[in-house]
Amino acid sequence: MTANPYLAGNFAPVETELTATDLPVTGEIPEQLCGRLLRIGPNPVNADPAKYHWFLGNGMAHGVRLRDGKAEWYKARYVRDDEVTAHFDWPAVEGPQAALSIGHGVANTNIIGHAGKTLAVVEAGNLPVELDYDLDTVGRFDFNGGLTGGFSAHPHRDPDTGELHTAVYSPLWQHIQYLRVDATGKVTKTVDVPTPGKPMVHDCMFTEHYFILLDLPCTLNEGAMVEGLPFPYLWNEDYGARVGLLPKDGSAEDVTWHEVDPCYVFHPVNGYEDAQGRVVMDVARHPRMFATDMHGPNEGRTRLDRWIIDPNGSKVSESCLDDHPQEFPRLDERLAGKPYRYAYTAEIDSGFVTGGIRKQDLQEGRVSSFHPGPQRHCFEPVFVPASDSAAEDEGWIMAYVQNDERNASDVVILDAGDIEGGPLATIALPRRVPYGFHGNWVAD
Ligand SMILES: [Fe+2]
């Protein structure tokens with residue numbers, strides 16, 4: 001058997017679905033928190049260690065439901081795809097079919113609430129999978145026929161309109177598609193922007209006037225597909241790297257492209273326009289991607305950078321905000337696309353194993369952090385405002401935390417304004433939540 005780090009330790013899958021109620025809590029859960037803290041990641045049912053890539057494992061959704069200061073339940077459910085249903089001899093997944101089904105229709109990367117639905121979402125061609133409130137699979141979902149291909153793992157909600165803006169790509173396409181969904185779940189605009197190759201486009205961002213496209217040098221490699229490598233997107237030294245600004249109401253001809261030093265970015269934190277009309281975007285920057293490690297994202301130190309793009313200029317201006325390794329950046333999403341002050345990230349200890357939570361005061365250039373203690377690893381930090389009218393940073397940071405000591409996970413709730421003060425509440429889950437990708441708070 002080949003050792004594969006993405007099947008070892010807390011990357012390893014759990015073997016069953018699970019429900020637990022009345023979870024033990026240390027401290028006090030703020031009474032205002034009524035909803036579900038959702039999370040998703042890979043949980044493969046049939047992984048071959050030689051061929052397994054972390055990005056392709058069957059999805060499992062995890063959720064903790066809070067109400068009246070109590071942690072009512074924890075649920076773990078497979079996001080059903082054709083491999084999962086065959087493995088467990090469950091009924092076939094209902095709903096529309098994607099043009100190209102990757103990994104048996106896996107949906108494992110993000111879990112969002114939109115237009116009253118809970119959706120497990122993924123990039124590169126597969127359709128979203130709709131889940132019910134209790135995380136059981138309803139079926140594949142294509143926004144009522146609105147998708148011309150798949151969807152994306154990172155739709156970003158415009159806080160003023162409730163619309164989702166996102167970038168869709170597919171191994172079948174030589175373009176990146178800008179896709180807009182309104183607050184009711186209707187696709188209202190698509191723009192196909194041609195690209196010189198087939199880049200992996202994990203995320204995107206928008207500002208008041210622009211949608212920001214990332215055309216970076218990790219591209220579909222036909223040779224990798226022929227050779228049967230675990231993942232067909234590889235570092236492409238000769239591709240170049242550029243950032244595109246598409247006017248949100250424009251067409252593909254209106255895009256301006258801006259060269260950037262070759263790197264890979266899975267996740268921008270946020271983007272906005274400054275007083276001079278330049279686009280500012282903060283990113284978690286990897287030096288390369290899928291150049292040497294064929295099983296997961298592990299190509300050296302990840303740091304937080306600021307990119308400034310003059311729509312009338314050529315090159316992106318780049319500076320480092322914080323060179324401590326970090327990923328999974330989040331913000332107070334009421335400021336998505338607007339000037340903002342605070343970013344929250346997960347510190348990377350080694351490989352893609354996370355540790356503490358880092359809070360960036362981008363105005364003062366100050367960092368504060370929360371360290372959960374030895375043998376504990378915080379996942380992506382999610383900010384939840386204390387109320388609709390709360391100031392930026394006035395609210396809570398919530399995160400799943402792997403606790404190696406008891407081989408199980410916790411959920412911590414921190415005061416965002418004082419993360420160094422430690423958890424207001426720690427909720428003990430009955431089992432570990434494997435390292436995975438993303439999550440969100442979905443208020444009831
Ligand atoms: Fe992501």
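Two strands are said to pair if DSSP finds at least two bridges between them. Strands themselves are DSSP runs of E with at least two residues, numbered from the N terminus. The model is predicted: local features need pLDDT of at least 70, side-chain atom pairs count only at pLDDT 80 or more, and totals for chains, interfaces and linings use all residues. Residues are numbered from 1 along each chain as its sequence is written.

With these terms, take the hairpin of β25 and β26, which has two residues between its strands and in which Gly351 takes a positive phi near 55°. Seven bridges join β25 to strand β26 (residues 353–361), and the two run antiparallel. Ser350 has Val353 of β26 as its bridge partner. Strand β24 (residues 326–330) also pairs with β25 in the antiparallel sense, over three bridges; here Gln326 has Glu347 of β25 as its partner. Strand β25 (residues 342–350) is mostly covered, with seven of its nine residues buried. A residue counts as buried if 20 or more other C-beta atoms, placed from the backbone, lie within 10 Å of its own.

Next comes an open sheet of four strands, in the order β20-β21-β22-β23 with antiparallel pairing. Its edge strands, β20 (264–273) and β23 (317–322), each pair on one side only. Neighbouring strands of this sheet are turned by 25° against each other on average, direction ignored; the axes are lines fitted to C-alpha atoms, and angles run from 0 to 180 degrees between N-to-C directions.

Within that sheet, β20 and β21 form a hairpin with five residues between them, and Gly277 in the turn has a positive phi of about 80°. Eight bridges join these antiparallel strands, and Gly271 is partnered by Met281 of β21. Eight of the 10 residues of β20 are buried. On the next pairing, strand β21 (residues 279–286) meets strand β22 (residues 303–309) in the antiparallel sense over seven bridges. The bridge partner of Arg285 in β22 is Arg303.

Leu362 lies in the loop between β26 and β27 (366–370). Leu362 counts as buried because 21 other C-beta atoms lie within 10 Å. Leaving out residues up to four places away in sequence, Leu362 touches Leu321, Arg341, Tyr342 and Ala343; contact requires C-beta atoms, placed from the backbone, to lie within 7 Å. Leu362 and His114 are 248 residues apart in sequence and 29 Å apart in space, C-alpha to C-alpha.

Conventions
A residue is buried if 20 or more other C-beta atoms lie within 10 Å of its own, exposed if 12 or fewer, and partly exposed in between; C-beta atoms are placed from the backbone. Two residues are in contact if their C-beta atoms, placed from the backbone, lie within 7 Å.
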